[in-house]
Amino acid sequence: MSPRSSAATVSPVPDQEPELAQGQGQGQAQRQGQDEAALVAGFLARHGLPGLVDVHTHFMPERVLRKVWAYFDAAGPLVGTEWPITYREEESRRLARLREFGVVAFTSMLYPHKAGMAEWLNGWAADFAARTPDCLHTATFYPEPGVETYVRRAVEAGARVFKAHVQVGAYDPNDPLLDPVWGLLAEAGVPVVTHCGSGPAPGKFTGPEPIARLLARHPRLPLVVAHMGMPEYTDFLDLAERYGEVRLDTTMAFTDFSERQAPFPREELGRLVELGERVLLGSDFPNIPYPYVHQLEAVERLGLGSEWVRGVCHGNGAALFLR
């Protein structure tokens, strides 16, 4: 399995907190308004959808999210291109937007970039889930002493999904400190949305090889490959076919933005249909450089049929998280 060309995706959290660019990205979001909600409603109606289950949305402590946005504004090395944040809004407005779009369940994907952050982030995420019933209780981890203890605590507290970001965290998923964590999550059946593809810039531990070694040891791990594994789409499809608990989320895949940099190979479309219930809707909201509806339309224009679209946008996520 060999890495392919790179593509843009989520960014790390820098240590310093530059000032936010005032108003940047707000105009586009304001122009959409209720018009975009109407477009999403049309999409739902066309495919007979009762709503959307989005497994890849970001809610974080405010000061952490500001650092992420500042990193995008600066087009940092893991972004590398102009990236206006479409939904640069207060938390309450971002929540209202998802509900206007018919999103019935979503996540608070958050991730540490160094030791000592994860347990604090998990505390915030537990509180956020308690006050936001339609958000799945999300947690995260980092290879550090004590990681098994706080991951177990999060699972016992009701965490429904974890986020692992081996690119931003710059860690090997096969780090011995994490082995009991993967085993714990496999045993508990708690999915882990994992950014492991080599976009936008290959890291020491990105790409399919480290994940293949991880799954060889933990074949029942419910791992969700973020961004369809871009740009190594084919290799991650291979892993999904080999391991029955591996899924892929659509986050930013198939959109005009990503197709310019890492196009999904059209010869692989049939494999998406064959995987059926193991492709899940993800969006990266609010940190996307285009309207939310574009992710939905990008899935739709693949031409794989309404039954497939219904599974991706609601049924597959509902079966995994709303049972």
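In helix α7 (residues 208-217), P208, P210, I211, A212, L214 and L215 are buried, where buried means under 20% relative accessible area, exposed over 50% and partly exposed in between, with a 1.4 Å probe and protein chains only. The model is predicted, so local features need pLDDT of at least 70 and side-chain atom pairs count only at pLDDT 80 or more, while totals for chains, interfaces and linings use all residues. Residues are numbered from 1 along each chain as its sequence is written, and side-chain values use heavy atoms, with hydrogens and water left out.

The buried residues of α7 pack against α6 (179-188), β5 (192-195), β6 (223-225) and α8; contact here means heavy atoms within 4.5 Å. Helices (H or I, at least four residues) and strands (E, at least two) are DSSP runs, numbered from the N terminus. With α8, helix α7 packs at an angle of about 10°, the axes being 10 Å apart. That makes α7 roughly parallel to α8. Axes are lines fitted to C-alpha atoms, for helices over the stretch in contact, with angles from 0 to 180 degrees between N-to-C directions; angles under 35 degrees count as roughly parallel, over 145 as roughly antiparallel, 65 to 115 as roughly perpendicular and the rest as oblique. On the α7 side P208, I211, A212 and L215 meet D235, F236 and L239 of α8. This contact of α7 with α8 has 6 nonpolar, no polar and 1 charged residues, counting Ala, Val, Leu, Ile, Met, Phe, Trp, Tyr, Cys and Pro as nonpolar, Asp, Glu, Lys and Arg as charged, and the others, Gly among them, as polar.

In α6, the residues V181, W182, L184, L185 and A186 are buried. Their cover includes α5, β4 (161-165), β5 and α7. After α6 comes G189, with a positive phi near 70°.

A further helix pair is formed by α4 (residues 118-131) and α5 (residues 147-156), whose axes come within 10 Å and cross at roughly 10°. Helices α4 and α5 are therefore roughly parallel to each other. The contact brings A118, E119 and N122 of α4 against Y150, R153 and A154 of α5. By class, the residues of the contact of α4 with α5 divide into 3 nonpolar, 1 polar and 2 charged.

The structure holds 15 aromatic pairs, a pair being rings of Phe, Tyr and Trp (its six-membered ring) with centres within 6.5 Å; planes under 30 degrees apart count as stacked, over 60 as edge-to-face and the rest as tilted. W83 and F257 are edge-to-face because their ring centres lie 5.0 Å apart with the planes at 65°. This pair links distant parts of the chain, with W83 in the loop between α2 (62-73) and α3 (91-100) and F257 in helix α9 (residues 256-259), 174 residues apart. W83 has a relative accessible area of 2% and is buried; F257 is buried at 9%. Y233 and F264 also form an edge-to-face pair, 5.0 Å centre to centre with 70° between the planes. Both Y233 and F264 are buried. One aromatic cluster is formed by F59, F106, W124 and F128.

The largest nonpolar core has 94 residues, and those with the most contacts inside it are L52, F141, V151, F162, L185, L272 and Y292. A second, separate core of 13 residues includes L136, V161, V224 and A226. A nonpolar core is a set of buried Ala, Val, Leu, Ile, Met, Phe, Trp, Tyr and Cys residues joined through side-chain atoms within 4.5 Å. Of the 323 residues of the protein, 63% count as buried.
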